Amino acid sequence: MHYFIGKYDASRFAVPDNFAGHCAGYERVSLVSRATGSVHTEACVSRLQPGGYFETCIHAYEKGIYVFEGEIEVLRGGELIHLPTDGYALIPYAAPHAIRNAGTRPARWFEILSPQPKPASAFKDTFFTGDNAWPAQAVSPAATPVKGVGMFKPENPIPAQDGALAKGLTVFRFMERNFGAQCFFMMRGEMSVGAYRTRHDHPIEEFYLGLSGEVVMEIEDKSFRLGPGDVAWTGVGTSHAFRNEGKEPFRWLETQTPQFPPQYGTRNYVEWEKLRAGR
C-alpha cells in the first residue's frame, strides 16, 4: 500500500515554475504530489511577502485555501475578499483569481489542488488573463457572508463514532459539497489526551498536516510520531490508526480526495475482526 511521511520545510520555498514573471514576493513549497505517490491531489504551503502578489489566473483544477499566518486579499471573480488567519476560501475550477498581501508581515496559507496539476511538459493547466485591476475595498467573511468563503470555528463537528472505533476524536469539516467544493473535502481535527482511532482504510486519499501537539500514527505495520509541521499521506486502501499518548491535544488540518462516496467510505477493521472471531 502507498503512504508518505514528511515535514514542512521552509527552506524549499521557491517561485512555482508557471508563476515566473507573473508574481512578486510569492513562493510555494509542495508537501504531497505525484512525486510522493499521490494521483488525486497536490498539497502545498504558499508564502507571500508584504506588498507581494500574483496576477489574475485560472486553473484547470479546483483549489482550497486556508490561511495559517498573516492576512491576504483574494480577488475572485471580480470580488475582493479579505482573509485573515484561520480564514479559508474555495477557488472553483477555472475561476479567475489573484492574491496580494496588503499587510505589514508575511502571510502563509495552505493550498489543496485537485484534480492534481499536470507536469508542465504534459499539459498547460494555469493561464494568466492579464486582467489585474483590484477593487478599492475588500469584504471580510468575519463581517459579511461570502459564498465559498469562511472563518474556521470549532462548531458542527462530524458525529462521534462508536467507542469501539474511536474515543476523544473530533472532526470539523468546513469545505465540502454544501460549501461548493466538488473534488475534495477540507477539515480540521482534534484528539484529546488518551484519544484513539482504530485501524481503518478508505477508497480515497487522505492528507494530514500537524498543527499542535503530538500523535502516534500507525500506517500498515509501522508507527510514526507526528507533531507540528509533520505531514502524512495515505493512499487508497492504506490502513491507518491514531492514538494520542502525549500531554496535550493533537490538532491537525486534513484533506480527502476525491470526496467521500455517500456510503461505505470507511472500512473499520475492528468490525470485520468480530466476524473472523465468530462474534
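Buried means under 20% relative accessible area, exposed over 50% and partly exposed in between, with a 1.4 Å probe and protein chains only. The model is predicted: local features need pLDDT of at least 70, side-chain atom pairs count only at pLDDT 80 or more, and totals for chains, interfaces and linings use all residues. Numbering runs from 1 along each chain as its sequence is written, and side-chain values use heavy atoms, without hydrogens and water.

Show the C-alpha trace. Along its principal axes it spans about 65 × 45 × 35 Å.

Next, select Tyr66, Phe110, Phe174, Met175, Met186 and Phe207. They have the most contacts inside the largest nonpolar core, which has 24 residues. Such a core is a set of buried Ala, Val, Leu, Ile, Met, Phe, Trp, Tyr and Cys residues joined through side-chain atoms within 4.5 Å. Colour strands S2 (23-32), S9 (107-114) and S14 (205-212); they are among those that each supply at least two residues of this core.

Now pick Ile65, Ala89, Ile91 and Ala95. They are among the 20 residues of another core, apart from the largest one.

Return to Phe207. What is it in contact with, leaving aside neighbours within four places in sequence? The partners include Leu31, Ala43, Phe110, Trp233 and Leu253. Contact means heavy atoms within 4.5 Å.

Finish with the charges. The mean positions of the 29 positive and 31 negative ones are 3 Å apart. Lys and Arg count as positive, Asp and Glu as negative; His and the chain ends are not counted. Each charge is placed at NZ of Lys, CZ of Arg, CG of Asp or CD of Glu.

How values were computed
Helices (H or I, at least four residues) and strands (E, at least two) are DSSP runs, numbered from the N terminus.
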